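Q: I am new to this structure and would like to learn how to read it. Could we go through it one feature at a time?

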Amino acid sequence: MKILAITQARYGSTRLPAKILKEVGGQTLLEIHLRRILQAKTIDKLKIATTDEEGSRFIVEVADKVGVEYFKGSVDDVLSRFYGTAEPEKPDYVIRLTSDCPLIDPAVIDYIAGYAVEHDCDYARTDPASFPDGLDTEVMRFSALEKAYNEANLTSEREHVTPYIWKNGSAEGGDKFKTVYLPNPQGTYNAGEYRITIDEPEDFEVLSSLISALGIDKPWKDYIDYLCSHEDIQRLNSRFGYNEGYAKSLKNDKKIK
């Protein structure tokens, strides 16, 4: 059994350029993100799926520093880039992570990956109605990823990697994939209420406060408990919605083949 973790990382960003290269305590958010992923016990290898943009050289510098391999691919066809990162490894399962989640928790990665393997799922993910925004973890069979790569024909499906899988999965009433959205075993923290991701300037203020107060090695719940007891910090980015990028893609969706 080979489990490959892939995190998406690009230099460009419409709302907050070079967001993952911002530093707190002498480390970039990308480096913090990578080092936290590497603590997960279920993964055999971690790779970065980055782009062929000029700015990607800064991402490569962080990858080299941490000792993580990378693949460069399309800016817009992220599914193609993600598949291109995975295909040479021939893994059984692929874990999809995104670098805008610097405080991703290795225990959450192990929970989702362990469940997917044990229950023979094609796809499993953190349920956003139960987990804070910033812990997003998706686990899929490589065969499911390959099927999506070959068959997905909407721009939204190519830009966001997994919609073809979960839209056609059993959790949504589909019959192509066995899918499940896993609840948070430590209680409900809706992604629309708690946000430890990086997409807006206010997100960086929140993350800087959390890391300055607690460091970079705490379990996710310690960071959320801190926000619960410091509502002035939580309110800084509470007005932003969950997965706004996908909603924007849907508004401009079109078939590409």
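Predicted model: local features only at pLDDT ≥ 70, side-chain atom pairs only at ≥ 80, totals over all residues.

Q: Where is valine 161 placed?

A: Valine 161 sits in the loop between helix H6 (155-159) and helix H7 (163-167). Its backbone deserves a look too: valine 161 is not a glycine, yet its phi is positive, at about 70°.

Q: Which phi does alanine 18 have, and is alanine 18 buried or exposed?

A: Alanine 18 has a positive phi of about 55°, although it is not a glycine. You will find alanine 18 in the loop between S1 and strand S2 (23-24). With a relative accessibility of 15%, alanine 18 counts as buried.

Q: Now the sheet, please. In what order do the strands stand?

A: Seven strands form an open sheet, and the order to follow is S5-S4-S1-S6-S8-S7-S9, with mixed pairing. Strand S5 (69-73) and strand S9 (179-182) are at the edges; each has a single partner strand, so one side of each is left without a neighbour in the sheet. On average, neighbouring strands of this sheet are turned by 20° against each other, direction ignored.

Q: How many bridges join strand S1 to strand S6?

A: Strand S1 (residues 3-8) and strand S6 (residues 93-98) run parallel and are joined by six bridges. To locate the pairing, look for leucine 4, which stands opposite valine 94 in S6. Helix H1 (residues 29-37) lies across S1, strand S4 (45-51) and S6, and runs at about 165° to S1.

Q: In which sense does S7 pair with S8, and in which with S9?

A: S7 and strand S8 (residues 138-141) pair in the antiparallel sense over three bridges, and here tyrosine 123 stands opposite methionine 140 in S8. S7 and S9 pair in the parallel sense over four bridges, with threonine 126 opposite leucine 182 in S9.

Q: Which way do the residues of strand S7 point?

A: In strand S7 (residues 123-126), Tyr123 and Arg125 point one way, while Ala124 and Thr126 point the other way. All of these residues are buried.

Q: What describes two packed helices?

A: The general idea is that two packed helices are described by the angle between their axes and the distance between those axes. Here, helix H8 (residues 201-214) and helix H9 (residues 220-229) pack at an angle of about 110°, and their axes are 11 Å apart. That makes H8 roughly perpendicular to H9.

Q: Which residues make that contact?

A: From H8 come Val206, Leu210, Ala213 and Leu214; from H9 come Asp222, Tyr223, Tyr226 and Leu227. Sorted by class, the contact of H8 with H9 has seven nonpolar residues, no polar ones and one charged residue.

Q: To finish, what is asparagine 237 in contact with?

A: Leaving aside neighbours within four places in sequence, asparagine 237 is in contact with Arg195, Glu202, Asp203 and Val206. Val206 is also one of the H8 residues in the contact with H9. The side chain of asparagine 237 reaches the backbone oxygen of arginine 195 at 3.2 Å. Asparagine 237 lies in the loop between helix H10 (231-234) and helix H11 (244-251), and at 2% relative accessibility asparagine 237 counts as buried.

Notes. Residues numbered from 1 in each chain as written. Heavy atoms only, no water. Axes fitted to C-alpha atoms, helices over the stretch in contact; angles between N-to-C directions. Helix = DSSP H or I, 4+ residues; strand = E, 2+ residues; numbered from the N terminus. Parallel < 35°, antiparallel > 145°, perpendicular 65-115°, else oblique. Contact = heavy atoms within 4.5 Å. Nonpolar A, V, L, I, M, F, W, Y, C, P; charged D, E, K, R; others polar. Pairing = 2+ DSSP bridges. Buried < 20%, exposed > 50% of the residue type's maximum accessible area, 1.4 Å probe, protein only. Polar contact = N/O pair within 3.5 Å; in protein donor to acceptor, adjacent residues only side chain to side chain.
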